[in-house]
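This report describes one protein chain for a reader who has not seen it before. The sequence and the model come first, and the description follows.

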Amino acid sequence: GNEIMSCCLDDRERKLIIGEASGNISVYNVLSGVRLKRTARNIPYAIRDMIYTADKTIIALAGPGELYIFDELPNEDGKDCTLRYIQAHEVDVVSMAYSYELGLIATADCTGCVRVFGYEFMNLQISIEACSGSSEIGKITFITGYPLLLVTDTKNNMSIVAVGPAFQSRG
């Protein structure tokens, strides 16, 4: 088998979704351990992080800043369906977050740059430098119920970034 790089559960916690070092995503039945499906498309980089969404899609982070959205269900010919792809950053992404309520995906790279993308069209909404100097971003997460993104760094600093529609760049 391939080295496991990331994993998550589906919304009903019946399927284990595994991101492999080979660039494949495999889906297993939690109770039986049987592999149900595997992506037919081999991403050229390891799957570093994944999020399963309420829309039954998988947001996957691979390589130096590549962001993919896959349909969890294969299409009619049995092949996986890559719904969307963007080059979110030019360098390694260290953290990723998703908000179903806001329809946003946030990513943070190793240089301290935080970018927020619209889920549906993968369009860049916000780009900020959240860390500077000797600290690196530790984790980003959306604050449920509010149009806010919490950014933490390795020096125990926190920033709160407004990400609601009134704060999104136009164009």
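## Overall make-up

The chain has 15 strands and 0 helices; strands (E, at least two residues) and helices (H or I, at least four) are DSSP runs, numbered from the N terminus. The model is predicted: local features need pLDDT of at least 70 and side-chain atom pairs count only at pLDDT 80 or more, while totals for chains, interfaces and linings use all residues. Residues are numbered from 1 along each chain as its sequence is written, and side-chain values use heavy atoms, with hydrogens and water left out.

Of the 171 residues in the chain, 43% are buried. Buried means under 20% relative accessible area, exposed over 50%, and partly exposed in between (1.4 Å probe, protein chains only). The chain exposes about 9,000 Å², of which carbon and sulfur atoms supply 51%; accessible areas come from the Shrake-Rupley method with a 1.4 Å probe, and for residues only the protein chains shown count as cover. Among contacts in the chain with a separation of 6 or more, 33% join residues 24 or more positions apart, a contact being heavy atoms within 4.5 Å.

## An open sheet

Four strands make an open, antiparallel sheet in the order β1-β2-β3-β4. Two strands pair if DSSP finds at least two bridges between them. β1 (4–9) and β4 are the edge strands with a single partner each, so one side of each has no neighbour in the sheet. On average, neighbouring strands of this sheet are turned by 20° against each other, direction ignored; the axes are lines fitted to C-alpha atoms, and angles run from 0 to 180 degrees between N-to-C directions.

Strand β3 (residues 25–29) pairs with β4 over 3 bridges, in the antiparallel sense. In this region Ser 26 stands opposite Arg 38 in β4. The loop between β3 and β4 holds Leu 31, which is exposed at 85% relative accessible area.

## Salt bridges

Side chains of opposite charge can pair when their charged atoms come close. Here a salt bridge is a side-chain nitrogen of Lys or Arg within 4 Å of a carboxyl oxygen of Asp or Glu. The whole structure contains 4 of them, including those in the table.

| Pair | N to O distance |
|---|---|
| Arg 38 and Glu 20 | 2.8 Å |
| Arg 48 and Asp 92 | 3.3 Å |
| Glu 90 and Arg 115 | 3.9 Å |

Arg 38 in strand β4 (residues 35–38) and Glu 20 in strand β2 (residues 15–20) are 18 residues apart, and their pair links distant parts of the chain. Arg 38 is partly exposed at 33% relative accessible area, whereas Glu 20 is buried at 6%.

Which parts do the other pairs tie together? Arg 48 belongs to strand β5 (residues 47–52) and Asp 92 to the loop between β8 (81–87) and β9 (93–99), so this pair ties together parts 44 residues apart in sequence. Arg 48 is partly exposed at 32%, and Asp 92 is partly exposed at 36%.

Glu 90 lies in the loop between β8 and β9, and Arg 115 in strand β11 (residues 113–118), so their pair connects parts 25 residues apart in sequence. Glu 90 is exposed at 59%, while Arg 115 is buried at 17%.
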